[in-house]
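Student: Put the model up, please. I have some things to ask about it.

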Amino acid sequence: MTCVALLSEVLDMEYLATAFREVSPGIDVRQGADLGALDEIDIAVCWFPPHGQLAQLPRLRLAQSLAAGVDHMLADAQLPRDVPLCRIVDSGMAAGMNAYVSWAVVQQHRGMRAYVASSANGLWQEQPVVSPRKHRVGIAGMGTLGMACAGALATIGYAVRGWSRSAKADLPEGVTGYHGAGGLDAFLSGCDTLVCLLPLTPETHGFLNADLFSKLPHGAHLINVGRGDHLVEADLLQALERGQLSAATLDAFSQEPLPASHPFWKDPRILVTPHIATRTDRLVIAQQTLANLAALEQGIRPVNQVDIDRGY
């Protein structure tokens with residue numbers, strides 16, 4: 001019988017326990033402080049697992065993130081490098097991210113927060129109306145989610161550009177591509193709104209910093225739906241204070257939940273959402289995890305296995 005351990009220091013994983021039992025009745029699912037005999041565990045499904053815990057599982061055959069990001073696992077210096085590490089790839093996540101990013105772009109571009117305030121005060125007060133064709137949205141990170149968001153925004157009518165580490169041959173219609181260090185400055189210079197959807201790697205840690213902000217058009221809007229550690233928080237506050245950025249919509253943070261004392265909460269130019277841009281269906285997590293193990297048992301590399309050296 002396959003044995004699955006659900007490991008997290010920040011989430012109640014019971015919702016996943018029921019999903020695994022629905023997908024595979026009779027499966028041995030363990031969670032919490034008492035995992036039973038550690039040498040019986042085949043799979044560890046993780047979201048910020050305790051550092052060092054995976055190294056204590058001698059029979060571990062698969063380390064599985066419950067989302068697309070794996071940086072929370074790679075941060076463990078004792079992560080067993082001989083155990084395949086997989087992430088979740090879910091088309092349903094793209095739909096959720098499309099909705100969030102489109103909303104985040106529109107609400108700032110069309111002045112919706114000002115309209116909410118006007119409505120609450122009974123004021124008929126127009127904000128400047130700028131055609132989407134004249135508002136340039138740049139997406140840094142053209143993976144599955146970045147491609148989907150670029151296509152959705154282009155369909156709405158925005159002028160969309162995308163930047164990635166290497167050239168992409170399958171860009172959505174109407175999306176202009178940039179790539180590599182040589183293409184970054186040109187990409188940034190045309191971003192009235194910048195959306196970060198990069199994977200978190202040593203190279204992208206602190207990507208959203210003062211130097212990058214200085215290369216954006218004055219008054220740009222930042223949307224971070226990547227990882228909290230992409231952002232240098234002090235640099236963001238300074239860029240907002242100088243007017244280099246006019247607003248930020250943030251859904252990921254270095255520390256979550258964001259502490260009540262954090263200055264982001266009280267800054268009217270920053271809109272905070274609690275890491276809800278998109279979510280993976282619990283049954284998809286269970287199904288993909290078991291499919292990944294089945295592939296490994298057949299000697300096949302799962303399509304969503306991570307290159308640990310690259311970080312994604």
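Tutor: Start with Pro257, which is found in the loop between E11 and E12. Helices (H or I, at least four residues) and strands (E, at least two) are DSSP runs, numbered from the N terminus. The model is predicted, so to speak of local features takes pLDDT of at least 70, and side-chain atom pairs count only at pLDDT 80 or more, while totals for chains, interfaces and linings use all residues. Residues are numbered from 1 along each chain as its sequence is written, and side-chain values use heavy atoms, without hydrogens and water.

Student: What kind of peptide bond joins Glu256 and Pro257?

Tutor: A cis one, with omega about -5°. Most peptide bonds are trans.

Student: Which value of phi does Phe48 have?

Tutor: Phi of Phe48 is near 50°, which is positive, and the residue is not glycine. Phe48 belongs to the loop between strand E3 (43–47) and strand E4 (62–65).

Student: And what is phi at His275?

Tutor: Near 55°, again a positive value in a residue other than glycine. His275 is in the loop between E12 and helix H9 (282–297).

Student: How accessible is Phe48?

Tutor: Phe48 has a relative accessible area of 33%, which makes it partly exposed. His275, at 21%, is partly exposed too. Buried is under 20%, exposed over 50%, partly exposed in between (1.4 Å probe, protein chains only).

Student: Next topic. How much of the protein is buried?

Tutor: Buried residues are 50% of the 312. The protein has nine helices and twelve strands, and its C-alpha trace spans about 65 × 45 × 30 Å along the principal axes.

Student: Which residues touch the most other members in the largest nonpolar core?

Tutor: Leu194, Phe213, Leu222 and Leu236, out of 28 residues. Helix H6 (180–188), helix H8 (233–242), strand E11 (245–250) and strand E12 (270–272) are among the elements that each supply at least two residues of this core. Apart from it lies another core, of 23 residues, including Met97, Tyr158 and Ile223. Such a core joins buried Ala, Val, Leu, Ile, Met, Phe, Trp, Tyr and Cys residues through side-chain atoms within 4.5 Å.

Student: What is Leu222 in contact with, leaving aside neighbours within four places in sequence?

Tutor: Its contacts (heavy atoms within 4.5 Å) include Leu194, Phe213, Leu236, Leu245 and Thr249.

Student: What share of contacts with a separation of 6 or more comes from residues 24 or more positions apart?

Tutor: 61% in this protein.
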